4 protein chains.
Amino acid sequence: MENVITYESNPDLSNVIFIEGLPGVGNVGKIAADFLCYQYKAKRLATIFSSELPPQVFVDKEGYFNAVCTELWYMKDIAGHDLIFLVGDFQASTPQGQFELCKYIFEKILKYDPQLVITLGGYGLGEVVKEPQVLAVTNNTILKTQLEKDGAVFRPNEPQGGIVGAAAMFIMLANEYDIDAICLMGETSGFLLDHKSAKCVVEVLCRTLGIENVDTSDMDASIQQVEQINEEVQALAETNPEDLSYFR
Amino acid sequence: MENVITYESNPDLSNVIFIEGLPGVGNVGKIAADFLCYQYKAKRLATIFSSELPPQVFVDKEGYFNAVCTELWYMKDIAGHDLIFLVGDFQASTPQGQFELCKYIFEKILKYDPQLVITLGGYGLGEVVKEPQVLAVTNNTILKTQLEKDGAVFRPNEPQGGIVGAAAMFIMLANEYDIDAICLMGETSGFLLDHKSAKCVVEVLCRTLGIENVDTSDMDASIQQVEQINEEVQALAETNPEDLSYFR
Amino acid sequence: MENVITYESNPDLSNVIFIEGLPGVGNVGKIAADFLCYQYKAKRLATIFSSELPPQVFVDKEGYFNAVCTELWYMKDIAGHDLIFLVGDFQASTPQGQFELCKYIFEKILKYDPQLVITLGGYGLGEVVKEPQVLAVTNNTILKTQLEKDGAVFRPNEPQGGIVGAAAMFIMLANEYDIDAICLMGETSGFLLDHKSAKCVVEVLCRTLGIENVDTSDMDASIQQVEQINEEVQALAETNPEDLSYFR
Amino acid sequence: MENVITYESNPDLSNVIFIEGLPGVGNVGKIAADFLCYQYKAKRLATIFSSELPPQVFVDKEGYFNAVCTELWYMKDIAGHDLIFLVGDFQASTPQGQFELCKYIFEKILKYDPQLVITLGGYGLGEVVKEPQVLAVTNNTILKTQLEKDGAVFRPNEPQGGIVGAAAMFIMLANEYDIDAICLMGETSGFLLDHKSAKCVVEVLCRTLGIENVDTSDMDASIQQVEQINEEVQALAETNPEDLSYFR
């Protein structure tokens, strides 16, 4: 694996919490992380190009190009912490690359002495979810109690089959370095980009971080769209269950 | 390939025998190794995370997570030897990774100056095995005589097609370093987790190691289950042979 | 990845423009680059053998062999610039290799202090193109204005799905090093080697480079062939559209 | 890629010719190389284990194991030259590995200052070959004349599609180091292990090396077997051509 990292600022960060929000099931983690970066006017810390991401550029409305990359963004003084987010359009292309790219990024993050690592994702149930709950796993008993108070649920041996990809890698790496780690997963059908599930994740996350009065109204328009499609899917499921096989 | 190794103890080991018991055909090697580690209260020596293992964590009954890894466990003073076991839930994901990960682990083991390397596995026959024999291969004539006395069998050119994976890699590497090496393979249908075959491997292994009076009664409940399923498979095979194709 | 690079000359180059013309959709970029190298009697700068290219040699008319490789060629004093071309018969075999091989080559090019990086390619429309336009993307507003004057077109968010492969990698790398970058893509059906589209790319490129009176008449014989086949394809498409599925 | 090389002797070699004979079409190159090593009582120079070979051991008639590897063998004073052969049961598993493993081996061979590199292979025609010719390619005009005198043939642009794998890699690498290189390919149906084609390659090779009176009678039993099967295949082809599809 080869990477190119470009730092775009050199902030003095303390009391750091690292939050991963790359694409995945229902894009729940990505939507949640992108929303918080936008809402709190995050600044770009670094851009990472990697042989484990597709060799590809996208073209914008003006005909300029943007290369596929993953990015680190930061916000200072959010309820007493500085936050670093990992966001982007892709996870690594191969299982081997997941390990190597996440390890590479984690070693960059270690320099900021993170006190807590949080990964965000979706928990695909394969059926329409009316009231998505936020499933959590952690390596810390105090955090577990706190998360339950904040509205997250813990269920024995769930997700079945475990957690895979970047959401798994960063809590694994954190644990190896004796850093507290949480994975928050919003329940989702997995059929669509799920803004509603992402909103639930944002709400639990903000409570856990001590962020008050986060304004999630910007998410509501997208949620209404998802709701409507879900209702149609639900109706379809009731009349013609086999037609859902495409989504599964 | 990238790995992270974490040592969890620093024992003073001598007269070391290294035993590999990773998953494989019928999980015979894994069941045998896990049983001995449990029975003799092995202690964890080191945990190895690797880009050649799935990027995945499992969740336990309390909602805490355990990352996919391979582990080294040890037991001191077992019939005059200190034993190091390699156990885990996965072998490496790719053929290239098998070589690289096993070589990586073997180089860690070399520091303990092993006198003998033993790999455990299953020998899949594709049909129900009533009285599993333990097939052996080695690189040492004295060990061959000993193993035959201990109940193992040697058959010309068997396993047909040779031995693959971690069980092959560690005896290959041992041989390159002029270390005595044995592979023990319990005959198994290969259809199921085969505790009965594993018990046979444990018995031969204990005789070869000079371990007396090993209590394998804990394996018997599982064996009875396997026996029963095997009888059903056998009955099926006699009445409707094609229905077994699923297992083959 | 492993590479072997052999330099075949050591020219003193200044005011360098680097132009990539490897195979791709309709081979538009390769045809354009090969034409210019031939027309302006380019000299070979270096040959690059790579584990990311097929392990293969071709045999010529005399029974001598030529190994698969990519090559750098140069021409001095072309409208005030020295040009370096990257040409060859293959792009890298894997997505990971695209990144690593292009990065390797780009680092060799950096030593010549390039002022501009241009990648050439085809833009596959999946249907016969009568008058191919040349689509451009860039990272520089002044170049954008210039390219539009030179006959290139910019279209919002096109190519849809972005640009992939070497054409993407080199403008991505240039951008990371704050070097001006352009990708020129000739519209093409993508069904055939498209000399006509390549000629359009050559014409825009020459205007942008300030090359006057380039004689493209050598391309016309090939173009006539393509035209004729295109007419046949077009006739087929009108009478029997499904028969084109082979090409798509 | 990771390799382990073990040297088993340290001969003083001069005037070295390196000959590759790994498995391939009809195993022509392997049969020819193995025959010459056997006939001239070659001695083992080195054993190479590689992550690019299958992680596998074979079991012999006594129950001892032999790991998959490639091997270098040598013979001194053969018609004025010392010969080093590369033989084994496998080529590298991946295209990338072909490049990397051959380059690794070639760098070991360079230490012996080879004056000539010869690769041996089969040229699969897809139909029964009664009188196999030996096709040659080279990078040297004098060798070309010599080879034609020795009974090899040169055909323009043949093999169509070029030469792939280890046979291509070693003449490519030799050429990059300005070392004379030859590839000899015995025509073969490609359906079977082809001892007859291998014998033709041996005859041309011995003439080119100046080896006189090589006794190829040991190859004749195997050839008769192949002849007989070929006649059956031929008869089948005449009565029922589709039945050959299995071999193609």
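Glu62(B) pairs up with Lys144(A) in a salt bridge, with the closest N and O atoms 3.9 Å apart; the term covers a side-chain nitrogen of Lys or Arg within 4 Å of a carboxyl oxygen of Asp or Glu. This is a predicted model, so to speak of local features takes pLDDT of at least 70 and side-chain atom pairs count only at pLDDT 80 or more, while totals for chains, interfaces and linings use all residues. Residues are numbered from 1 along each chain as its sequence is written, chains are lettered from A in the order in which they are written, and side-chain values use heavy atoms, leaving out hydrogens and water.

**Chain B against chain A**
- The count between these two chains is 2 salt bridges.
- Chain B puts 24 residues into the contact and chain A puts in 32, contact meaning heavy atoms within 4.5 Å.
- About 2200 Å² is buried between chain B and chain A, with carbon and sulfur atoms giving 63% of that; buried area is the accessible area (1.4 Å probe) that two parts lose on being put together, summed over both.
- On the chain B side, Pro55(B), Tyr64(B) and Phe65(B) lose the most area to chain A, together 31% of what that side buries.
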